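Work through the exercises below with the sequence and the 3D structure at hand. Each task is followed by a solution in steps.

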Amino acid sequence: VTITNTLTVQNLVTTNLTIGGHIITAGNTPTITPQVAAGQGATATIEGNDTSGRIVISTGDSPISGDLVKINFSNAFGKLPKIVATPQDGTTAMIQPYATPELESFTLGAAAKLDQNKTYVFSYFVIE
């Protein structure tokens, strides 16, 4: 079958899926909230959707190791999702990041202490 226009399918079930081009995700942008470990006055932005995107965290005063931001999905998952959070530069990689999933959100944290008033950038990919 050859389809030349957009095909919309809900709840597709398949054994194998071969994609000959890019994977382009869509959907509403999740919300993001800085957590205590990001420091007093920290800010965070997110661009993307529940499946993939980019997170930028700017630490405030006196950041510590621990949970940096909480990302609330636009739509909760039915099972605990798998999160791949990737540092986008060497500075971000040095903080030893981790992601903790929940059905309706995930928390992005750091095992190492952060520098104050510094920017850390991540990409993320989420699947159930």
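Buried means under 20% relative accessible area, exposed means over 50%, and partly exposed lies in between (1.4 Å probe, protein chains only). The model is predicted, so local features need pLDDT of at least 70 and side-chain atom pairs count only at pLDDT 80 or more, while totals for chains, interfaces and linings use all residues. Residues are numbered from 1 along each chain as its sequence is written, and side-chain values use heavy atoms, with hydrogens and water left out.

**Exercise 1. Classify the aromatic pair of Phe 106 and Tyr 124 and state what it ties together.**

Step 1. Rings of Phe, Tyr and Trp (its six-membered ring) pair if their centres lie within 6.5 Å; planes under 30 degrees apart count as stacked, over 60 as edge-to-face and the rest as tilted.

Step 2. The rings of Phe 106 and Tyr 124 are 5.8 Å apart, centre to centre, with 55° between the planes, and the pair is tilted.

Step 3. Phe 106 lies in strand 7 (residues 105-110) and Tyr 124 in strand 8, so the pair ties together parts that are 18 residues apart in sequence. Strands (E, at least two residues) and helices (H or I, at least four) are DSSP runs, numbered from the N terminus.

Step 4. Tyr 124 is buried at a relative accessible area of 4%, and Phe 106 is buried at 0%.

**Exercise 2. Describe the open sheet and identify the strands at its edges.**

Step 1. Two strands pair if DSSP finds at least two bridges between them.

Step 2. The open sheet has 4 strands in the order 2-3-8-5, with antiparallel pairing. Strand 2 (43-48) and strand 5 (82-87) stand at the edges with a single partner strand each, so one side of each has no neighbour in the sheet.

Step 3. Strands 2 and 3 form a hairpin with 3 residues between them. They are joined by 6 bridges, and Thr 45 has Val 56 as its bridge partner in strand 3.

Step 4. Strand 3 (residues 52-58) is joined to strand 8 (residues 119-127) by 7 bridges. In strand 8, Ile 55 has the bridge partner Phe 122, and Ser 58 has Thr 119.
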